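Colleague: I have a few questions about this model. Could we go through them one at a time?

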Amino acid sequence: MIRRLETLVVVILCLFACRLMGEDALPKEASDDPVLKAMVTEMQRSKAQLKLDGVSVPYYIDYRITDTDAYLYQAAFGATTAELRNHMRYIRVVVRVGDYKQDSFYQNGQGLVEVAGVDDDEFALRHKLWLATDQAYKAAAEALTAKNAALKQLTIEYPIDDFAHAEPVLLVKPLVKLDPAASSWSKVLKEVSAFYRNDPQLESVDTDLSFTATNRYFVNSEGTVVRTGGSIYLLLAAASTQAGDGMRLDRSADFAVGDFKDLPTPAKFKQHAEEVMGALRQLRDAPVVEEEYRGPILFQGDAATHVVADLIGENVLGRKPALGQPLRTRGAFASSYLSRVLPDFLSVDDDPTISAWQGEQLLGNYEVDDDGVKATKVSLIDKGKLVGYDLGREPIRDFPASNGHGRAPYPMNPSGPNLGNLILRSSEPLSEDALKAKLMELCKQRDLAYCYVVKTTGPKNSPRLLYKVFVNDGHEQLVRGATFGDLDTRTMRNDIVAAGEKASIENLPTAIPHSIVSPSLLFDELEVKRVDQNKEKLPEYPAPQLGK
Amino acid sequence: MNKSLLPFFSGSALVICFLVTCTSAVSAADPKPKDILLTTMQQELQRATTELGKLTPAPYFLSYEVRDQSYAIAVGGDGVLLSSMRARRRAADVITHVGTPALDNSHENSRSSAIHSGALATDDDPDAIARELWRMTYQGYRNAAKAYLNVKTQTAVNAKEEDTSADFSQEKSQVHLDYKEPVSPPDQAKLESLARKYSGRFRNYPFIYSSAVVISCEAGQTHLVNSEGTRVVYPSQLVRLAIQAQTRADDGMDLVRVETFQADSIAKLPGEKEISARIDKMASDLKALRAATVAEPFDGPALLSGRAAAVFFHEVLGHRLEGQRQRGETEGRTFAKKIGEKVLPDFLTVSDDPTQRNLGATDLSGWYEYDDEGLPAQRVDLIQNGVLSNYLLARMPIAGFSHSNGHGRSQPGFIPVGRQGNLIVSSSRTVADSELRKQLLEEVKKKNKPYGLYFEDIEGGFTLTQSRAPQAFQILPVMVWKVYADGRPDELVRGVDIVGTPLTAMNGILMTGDTTAVFDGVCGAESGSVPVAAVAPAMLFSEIEVQKRGHMLNRPPILPPPDLPAAGRGQGGQQ
């Protein structure tokens, strides 16, 4: 069994507004943990003594240690293909020279990564931190010179600080741990991957399990001391087949939760996987989309959350453009601040402070981000208008402070603005029935024999379960081989005409776990056309006969 | 292609990443183990041969090689565990030759079209294994068939190649079935404790900035079947202990010492006492190197220790005697067309003998029973009394050599090519090792130089063999001494590399010592990393060229290392 350690113990939570560093005594919570103790001790030493002739002393230092214990398992065709347990600890050190206005966070000055020991040995950790700090400081000194030289070649239209001021945070949460009994799920995965026995035409059935428990430690020279932990439990079943004409068809089913006890029962997982593979059988026999279609489409379930993730989520991150570039951010909303980006009945927030939505757990919940800044709810799009961005400690024009969204994908990466729980809401929600009725009404208005409902999509919003809904009797017909022609931010702004009331929740256990919440979305005009893709040949000879 | 021989990893960042499978305990209840993997491979190969044989173009050769490997790895640094992993995988390579042996899809630059790789189930589940092999086979066939059509067109369009040998040799089929129940690698806790213990010894030496101890055990079994009827199954085991320590001189030069030990079981590794002594020696070498002066470029007499000479021969000669380097327009072909000619001084003889398991008490890592094309390992006499007589050959023929000599080697996922196993250099002009130093001094005086160089130990090296690159090599020595003609004590220097061109360098060898040394390492080239050994006596060169090694100008750390708690010191070390 996997569990959070001592989740019932009252969480020690102190948010100090005072500046802690500079006081010689260690915060009490840190002194019981050899990792935090090593970090704080070495931080104090670096802060007090690190100085190279001819180079200014660092104005800011941070240490991030990421301790990940992972259990991975893969099965295909009813048998194990890979199994791995790996416990690793990474150190990342950032030293900044210069000042908040202009500093060394540039090229090699963006931090240094080392593999650290997994044993809680204070001396060995300090030794690694000592060397990493030294190298990071020297790299920072060189980076500042390089940055100043680069800036001399450029005209800066809007001078923006390099680093935001932030209040120190002290937060020490219980450690999370992976229980060895996690491996009990391997048997279930093997059984699910044996489903190919029921359908000889399935070309591949792969199941994957990835359970990780991550403890994050963060200490900076401003007095922040943070230890937080989180787990991700992911089950995945993916299958592929070829239709009679050679078209490749894929489906996958996954469960991603933050707590072991929230995983489905094995029976439920099997049932879900079976449904998905069953749908693959139906897809194989489904007709191919031949004619181009322009008209209303209803996006339901993960088809809606995917489109929100790709066309809104990617663009509300306040990422500072490259040196000297005048835009506010990168991405499609770089110059859309205070402009309309969605219809005025839709609003979008990012709220990492909540852990559930309509009773379902959200993976994008965290208390403190990877810059050691307290997470906050951010209003991103208000009544269709772009009013904010997710921000880390790297300011952008008009946004001088972090809002607690600085998150790092992997232990070796620097942090940057990223999503937590992205929530899209409608001020005029329609029930699913009303939404469907509206779809049919739009179709009738346009004299269309049928319109489309998409219930699930794959990578790049490619439809996996796309249905024609016939206007005369409302019956649905599954089709395959389609793609959406013009799905972009302009479509989102101009062509969404209604949204549902019940939200679909998609938990994304990616390198930065986050969640997307969105109701069904009705587009009044979108293109559906045949996918431009080669059809592979069917295998040259039949699959081997199965034994008993 | 750039080839390199390193006893260990290079660089300081250490990330070990395998996506592989944990070894599960094997039931010993069944007295007659059944080789389900072999049976399944044979059945599926038979089916593929029949079914694909009906197509045009049809494959004329198919083979499946499956390497079942169980690993246990523990990495320590500063007395703590950096990483610990236990894993198992079955790596499968499907080889497909379409066309005819005279001209097929593997011709010239499209060699890689002959291989399709993947992972098989680690459970002995015949259905899962067969299904995956089937998928890999038809996908491999598609690549091969497409490449074959291109090859045919290119051959018709291009001018005639210099070497018109066939693309694939005809060989006798082999049957060797030595199936053993898979063995689990040793107890993980034991490996972890060794990694902690040995790396902790460096805590006694604060001037050593970073250290790493990697202990890895690999227990494996190879299965190979092909459409010519070959069925070969054999187990393998390898334990490797690698120790690396690093410091930095005041001028910013990074200094690294590496020691490796290998054997076929943990019990056969040297004991704690010997390893601790080697660690202490690494530390004292590094301390001396920090204080050593940086050597100046030099061209003159030099003495290479046996280990240094062994690496020299591996890089400078061995790689250039690989069969595939004699054929193909992109290769430098240093030794092509030199059969029967004198290429070395006549007192030197060189062979490659993968059948030799050890030399005295030292295991030779280039030992193997069968190569990765299912052919038995063979001793090959490459150079006899200075005259070139053979090459290291896989199943790719070259002018005058139409058969493999059992040197087709690869790591999983790569197509086998001619590689070294145990390269052994012997000499008929020897003097006692103690006499070599005197001879060096005489040579120095004769050349009117103030000093000669003694290369005591090397880290590794690399060599360039492609035609568009200069035919040069670089050897990375680590312990180099100036030996003065005027009788001053020898002086340790740092920061030089041996450079040069092969034929010139090797013809300056004057004599050798009378004992041989072994360099066990891992060699990387186009067919991946394979374990190799090189064996040679110490050698006196009339002329060796060294150049200054470029290095970063990083200062040593600004702050002193953190204080070591008194209880944290290792046992018995010295500062």
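Colleague: Is the crossing of H1(B) and H2(B) left-handed or right-handed?

Modeller: This is a predicted model, where local features need pLDDT of at least 70, side-chain atom pairs count only at pLDDT 80 or more, and totals for chains, interfaces and linings use all residues. Residues are numbered from 1 along each chain as written, chains are lettered from A and ligands numbered from 1 in the order written, and side-chain values use heavy atoms, without hydrogens and water. Helices are DSSP runs of H or I, at least four residues, numbered from the N terminus. A crossing is left-handed if the near helix is turned anticlockwise from the far one by less than a right angle, and right-handed if clockwise. The crossing of H1(B) and H2(B) is right-handed.

Colleague: At what angle do the axes of H1(B) and H2(B) cross?

Modeller: Axes are lines fitted to C-alpha atoms, for helices over the stretch in contact (heavy atoms within 4.5 Å). Angles run from 0 to 180 degrees between N-to-C directions. The two axes come within 9 Å, and they cross at roughly 35°.

Colleague: How many residues of chain A are in contact with chain B?

Modeller: Look at both sides of the interface. Chain B brings 54 residues, and the number for chain A is 58.

Colleague: How many salt bridges does the rule find across the interface of chain B and chain A?

Modeller: A salt bridge is a side-chain nitrogen of Lys or Arg within 4 Å of a carboxyl oxygen of Asp or Glu. One pairs Asp123(B) with Lys190(A), their closest N and O atoms being 3.0 Å apart. Across the interface the rule finds seven.

Notes. Helices (H or I, at least four residues) and strands (E, at least two) are DSSP runs, numbered from the N terminus.
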